[in-house]
Each structure stands twice: as structure tokens, then as C-alpha cells.
Amino acid sequence: MENMKTNETKLTKKDINSLSRRWIMGSQMTWNYEKQMGVGYLWAMLPIIRKLYKDPADQKEMMKTHVQFFNTTPHMGGFILGIDAATEEHEGMKAKEAVKGLKTGLMGPFAGVGDTLFGVLFPTIFGSIAAYMGQEGNMIGALIWLLVNLAILTFRTFSAGIGYREGAKIITSAKDKLDALTAAATLLGITVVGALIATVVRANVTATFVSGEISVNGQDILNQIMPCLVPAAVVGGIYWLLGRKKMTSTKAIIIVMVLSIALHAMGILG
């Protein structure tokens, strides 16, 4: 792969290789329940942020952007980082909202593909073959498993470069349509989050209203008004909480846990 520098390019092959290495080393090492891979994402992007943004205020703003929640299959994250690097290289601070949308919109679909390939398919097929041969005393089984993992590591090493090259092509060809790209990326991210609220957040009203011989379940009433109304209200409440001064994600999680236990004990939620 030749040096990636063009007339407008500020990043080099060395920068992209560093991006790839830092993601491989830090994506899982810094995993935590609040940000998941967010800290690893920032650590991978940090040298690029310092190179692209000379104003300390801009650096700080982009660091805040990249340390937010992020989670995908580690093997596929390099593609997103490469696309991100290409976008910021060509558009700078103007790309901040587009980058947020790209990260939110791509991490879910990439996780689906990555989990299927690297979490299920490859381990099941090659792991079974290697294990069977190992049980039979054939050392080729261990060699097969070693080669498969080396191949996967090689794939991860080049994924950021592929994402960068393809991302640069997309951004260059759509340079005059950045506003539309930003709006589309943001809309994609909001759509993904909205779908996750309806499918992942579970908050069912178990309270039953009784009047004489008539008994009506509270959840049935809410479903007639708007399906998934309670999950949407829960997410909206947490979003509001996170905007309060001195409120953190950890405090919000504790509040949700306490309220969930209390409301379940009172027979309101289940």
C-alpha cells in the first residue's frame, strides 16, 4: 500500500497503521460498562486528533465526541475508524455530527456481521476441526487454529486502511453534499437508537385496574395509546437526567436499578 498522501491529505500510511494497531490493542483492554469501547476508540483516534486539529479547544471537543459510548465487534471496528479518519481529514470540525451519526449507525450492523463471522462461524467450523484433530493426537489441528487466528489478526490489521481509502473516496465524491451526508448519517443513527429502544428496553406495566367485575391490564391500555410508550419514557427520562449538572452515566444506572427494584416490588412494573 503506497503512501496515502494526496493534495488534500494530511494523514499518511504510518498514521493509519498506528490507528489500526492502537485499536487492536485498546479496543477490549479499556472495555467498561459505561462507555464499553468508547475509551479504546478515543485512544486509537488520539494521534489523528492531535494531527488534524491544532486548536486545543477543537481537540478537546473531538475527544469528548470520541469517548462516548461505542460498541461493535472488535474485528469490524477498524472499518469504522478508517471511515471516521477519512471524514475528519477532509471536513475537520464540520464533520463532527456526521461522525457521530456514522458511528451510531454503523456499529450495530457491523456487529451483526462481525459476531456472525468471528463469534460463531469461524470458531465453530475451524475450532471443531482443530479440536477433533487434537483429540486424535494430530498436531495439525493446533496449527490450523493458529493459522486461522493469524489470518483474522491480519484482516484486522488492514481493516482500518480499507475503511480509510473507501471513506476518502466517498467523502471526496460527496464533498459538495456534506450537509445531506450529515443529515443522512444523523437520521440513520437516530433510527437505529429508536429501533433499539423498542426492541431492547423492557419495561412492562403489570398493574391491573379493577372496577367491579371488570379488570384491565395497565400495559394493554398503554399499548392502545402507543406501543412501547414506557420504554420511550424511560429512555427520555435517562436522557434528561444525563443533561443535569454533576449527573453521570453510572449515577443514572444506579437510579434506574433502584427504581426498577422498587416499582417491581410495588407490583407496578415487571
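Colleague: How much space lies in the largest pocket, and what makes a pocket?

Modeller: About 2,000 Å³, counted as the space filled by probe spheres set on grid points joined across faces, edges and corners. A pocket is an open set of points on a 1 Å grid over the protein atoms alone, where a 1.4 Å probe fits and protein lies on both sides within 12 Å along at least five of seven lines. The model is predicted, so local features need pLDDT of at least 70 and side-chain atom pairs pLDDT 80 or more, while totals for chains, interfaces and linings use all residues. Residues are numbered from 1 along each chain as its sequence is written, and side-chain values use heavy atoms, without hydrogens and water.

Colleague: Which residues line the largest pocket nearest its centre?

Modeller: Phe69, Val193, Val235, Tyr239 and Leu242, out of 43; a lining residue has an atom within 4 Å of a point. H5 gives the most, 9 residues. The lining divides into 20 nonpolar, 15 polar and 8 charged, where Ala, Val, Leu, Ile, Met, Phe, Trp, Tyr, Cys and Pro count as nonpolar, Asp, Glu, Lys and Arg as charged, and the others as polar.

Colleague: What about the second largest pocket's volume?

Modeller: About 370 Å³. Val234, Val256, Leu259, Ser260 and Leu269 are closest to its centre, among 17 lining residues. H9 supplies the largest share, 6 residues.

Methods. Helix = DSSP H or I, 4+ residues; strand = E, 2+ residues; numbered from the N terminus.
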